Amino acid sequence: MSAIELRDASVRLGDQLALEAVRVDLDARRIAVIGSNGSGKSTFARLVGGLVGASSGSVRVEGLDPIKQASALRRRVGFVFSNPDAQILMPTVAEDAAFSLRAERLPRAEVADRVRSALLDVGLGALADRSAHELSGGQKQLLALCGALIRRPSLLIADEPTAFLDARNSRMIADRLFADADRRLLLVTHDLALAARCDVALLFIDGRLDEVGDPLQVIDRYEASLSC
Ligand SMILES: Nc1ncnc2c1ncn2[C@@H]1O[C@H](COP(=O)(O)OP(=O)(O)OP(=O)(O)O)[C@@H](O)[C@H]1O
Ligand SMILES: [Mg+2]
């Protein structure tokens, strides 16, 4: 069984068929998802992460049904989205990072240790006591990423994590996303250079999975589809 397995999975949102009969097996460690606005990328990411259910067909992620076994999947999956403001919930940087561990009911000292090392990992070690809402956009996104990584997910789902960032912060986030050798990354992005750094890419066109394969070839196909 593959790590991510979809069998004719469709998602209907209102009267819109956001994804249509997606069939794919994914075992690559770094998976890029590309395609035009409204092509179904976020819906695919949400489907894999269990945030939306399949209207028909089936989905398995690490052997789990993302809806029926939602709590087991939630322990393994971390999310990062485009807008870091929406992901920051606590007053200080350290408190916000710690908040992500609340469900794990760890001893206080262990939480403090995990927070310290997770903040160091994303380059926010010196800002632990700062107000989270006063961080720059890039720093907020690093904090959001820290909140996802501190739970040590085996799958990180990042939906346009660099969308609002400048070149320096995009690079910093990308380097963190790609850093861990053990974790699987599902990266939705319009940044084709970032997609090219992945092991495999998926191209969505109008809710259908058009191509899966080597990122450079899939990017070529995407670019060709734009000039049609
Ligand atoms: N909550 C919703 N209700 C109805 N239709 C929706 C909803 N969310 C998304 N859609 C529709 O589903 C389709 C796929 O949307 P999705 O957000 O997956 O696209 P996307 O590829 O992530 O686009 P973008 O690059 O703009 O983020 C679009 O046609 C969109 O209008
Ligand atoms: Mg999207």
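Which loop holds Glu62? Glu62 is found in the loop between β4 and α2, a helix that spans 70-76. This is a predicted model, and the values below are computed from it.

## Residues with positive phi

Glu62 has a positive phi, near 50 degrees, and is a residue other than glycine. With 18 C-beta neighbours inside 10 Å, Glu62 counts as partly exposed, because the partly exposed class lies between the limits of 12 or fewer for exposed and 20 or more for buried.

Arg152 is not a glycine, yet its phi is also positive, at about 55 degrees. Arg152 sits in the loop between α5 and β6, the latter covering 155-159. Its 16 C-beta neighbours inside 10 Å make Arg152 partly exposed. A glycine with positive phi, Gly50, follows α1, and its value is near 80 degrees.

## Surroundings of ligand 1

The shell around ligand 1 consists of Leu13, Gly14, Gln16, Ala18, Gly35, Asn37, Gly38, Ser39, Gly40, Lys41, Ser42 and Thr43. By class, 9 of these residues are polar, 2 are nonpolar and 1 is charged.

Two elements, β2 (16-26) and α1 (41-48), each contribute at least two residues to this shell. Helix α1 contributes the most, with 3 residues.

## Helix α1

How many of the 8 residues of α1 are buried? The count is 8 of the 8, so α1 is largely enclosed by the rest of the structure. The buried residues of α1 are Lys41, Ser42, Thr43, Phe44, Ala45, Arg46, Leu47 and Val48.

## The nonpolar core

The largest nonpolar core has 66 residues. Val33, Ala97, Cys146 and Leu187 have the most contacts inside this core. Helix α5 provides the largest share of the core, 7 residues. In soluble globular proteins, nonpolar side chains tend to be buried together.

## Packing of α5 and α6

Helices α5 (residues 137-149) and α6 (residues 167-179) have axes that come within 10 Å and cross at roughly 10 degrees. That crossing makes α5 roughly parallel to α6, because angles under 35 degrees count as roughly parallel.

From α5, the contact involves Gly138, Gln141, Leu142 and Leu145, which meet Asn169, Met172, Ile173 and Arg176 of α6. By class, this contact has 4 nonpolar, 3 polar and 1 charged residues. An α-helix has 3.6 residues a turn, so residues three or four places apart point the same way.

Phe178 is also found in helix α6. With 16 C-beta neighbours inside 10 Å, Phe178 counts as partly exposed. Beyond its neighbours within four places in sequence, Phe178 is in contact with Arg30 and Arg197. The C-alpha atoms of Phe178 and Arg197 are 8.6 Å apart, and the two residues are 19 residues apart in sequence.

Is Ser58 buried or exposed? Ser58 counts as exposed, with 11 C-beta neighbours inside 10 Å. This serine is found in strand β4 (residues 56-61). Leaving aside neighbours within four places in sequence, Ser58 is in contact with Arg7 and Ala9. Ser58 and Gln69 are 11 residues apart along the chain, and their C-alpha atoms are separated by 13 Å.

Ser2 lies in the segment before β1 (4-13), and is partly exposed, with 14 other C-beta atoms within 10 Å. Its contacts, apart from neighbours within four places in sequence, are Asp25, Leu26 and Asp27. Ser2 and Gly63 are 61 residues apart in sequence, while their C-alpha atoms are 7.9 Å apart in space. Asp121 lies in helix α4 (residues 108-121) and is partly exposed, having 17 other C-beta atoms within 10 Å. From Asp121 to Leu149 the separation is 28 residues in sequence and 9.4 Å in space, C-alpha to C-alpha.

How values were computed
Residues numbered from 1 in each chain as written. Chains lettered and ligands numbered in written order. Predicted model: local features only at pLDDT ≥ 70, side-chain atom pairs only at ≥ 80, totals over all residues. Near = placed C-beta within 6 Å. Helix = DSSP H or I, 4+ residues; strand = E, 2+ residues; numbered from the N terminus. Nonpolar A, V, L, I, M, F, W, Y, C, P; charged D, E, K, R; others polar. Axes fitted to C-alpha atoms, helices over the stretch in contact; angles between N-to-C directions. Parallel < 35°, antiparallel > 145°, perpendicular 65-115°, else oblique. Contact = placed C-beta atoms within 7 Å. Core = buried A, V, L, I, M, F, W, Y, C linked by C-beta atoms within 7 Å.
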